[in-house]
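Biologist: I would like to go through this model with you. Show it to me, and I will ask how each label was reached.

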Amino acid sequence: MAECIQAGNVGTLQAICPDCNRMIYRRVNPQNLAAVRGDLEVTVTLVGPRLEDTVKPNVNCDSARGLRR
Ligand SMILES: [Zn+2]
């Protein structure tokens, strides 16, 4: 089993090496993940600062109100 940490257009595939039991990391293009994963079961985790942008309220409301007389 492996995990892919995806941040924007960059993915980091991480898994435990079956031969030496050490963590191995591999940069992947998330769009190529289907080809890279092969028979591996991969859990994809999305991270990134863009999530915070959606939480902010619409700033245009305040500025529009300020223009009203
Ligand atoms: Zn190894």
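Modeller: Keep in mind that this is a predicted model. Start at Thr 12. Leaving out residues up to four places away in sequence, Thr 12 touches Cys 4, Ile 5, Tyr 25 and Arg 27.

Biologist: What makes Cys 4 count as touching Thr 12?

Modeller: Contact requires C-beta atoms within 7 Å. Cys 4 is among the residues that Thr 12 touches, so the pair meets that cut-off.

Biologist: Where does Thr 12 sit?

Modeller: Thr 12 belongs to strand S2, residues 10–16.

Biologist: Why is Thr 12 called partly exposed?

Modeller: Count the neighbours. Thr 12 has 16 other C-beta atoms within 10 Å. Buried takes 20 or more, and exposed takes 12 or fewer. The count of 16 lies in between, so Thr 12 is partly exposed.

Biologist: How much of the chain counts as buried?

Modeller: The figure is 4% of the 69 residues. Each of those has 20 or more other C-beta atoms within 10 Å.

Biologist: What is the overall pattern of the chain?

Modeller: Along the sequence it reads β-β-β-α-β-α-α. That comprises three helices and four strands.

Biologist: In what order do the strands lie in the sheet?

Modeller: The sheet is open, ordered S3-S2-S1-S4, with mixed pairing.

Biologist: What makes S3 and S4 edge strands?

Modeller: Strand S3 (23–28) and strand S4 (42–47) each pair on one side only. From one strand to the next, the twist averages 20°.

Biologist: How do you know that S1 and S4 pair?

Modeller: Pairing needs at least two bridges. Six bridges join S1, residues 2–7, to S4, so the two strands pair. They run parallel. Within this pairing, Ala 7 stands opposite Val 47 in S4.

Biologist: What share of the contacts with a separation of 6 or more comes from residues 24 or more positions apart?

Modeller: Such residues account for 40% of those contacts.

Key
Residues numbered from 1 in each chain as written. Predicted model: local features only at pLDDT ≥ 70, side-chain atom pairs only at ≥ 80, totals over all residues. Contact = placed C-beta atoms within 7 Å. Axes fitted to C-alpha atoms, helices over the stretch in contact; angles between N-to-C directions.
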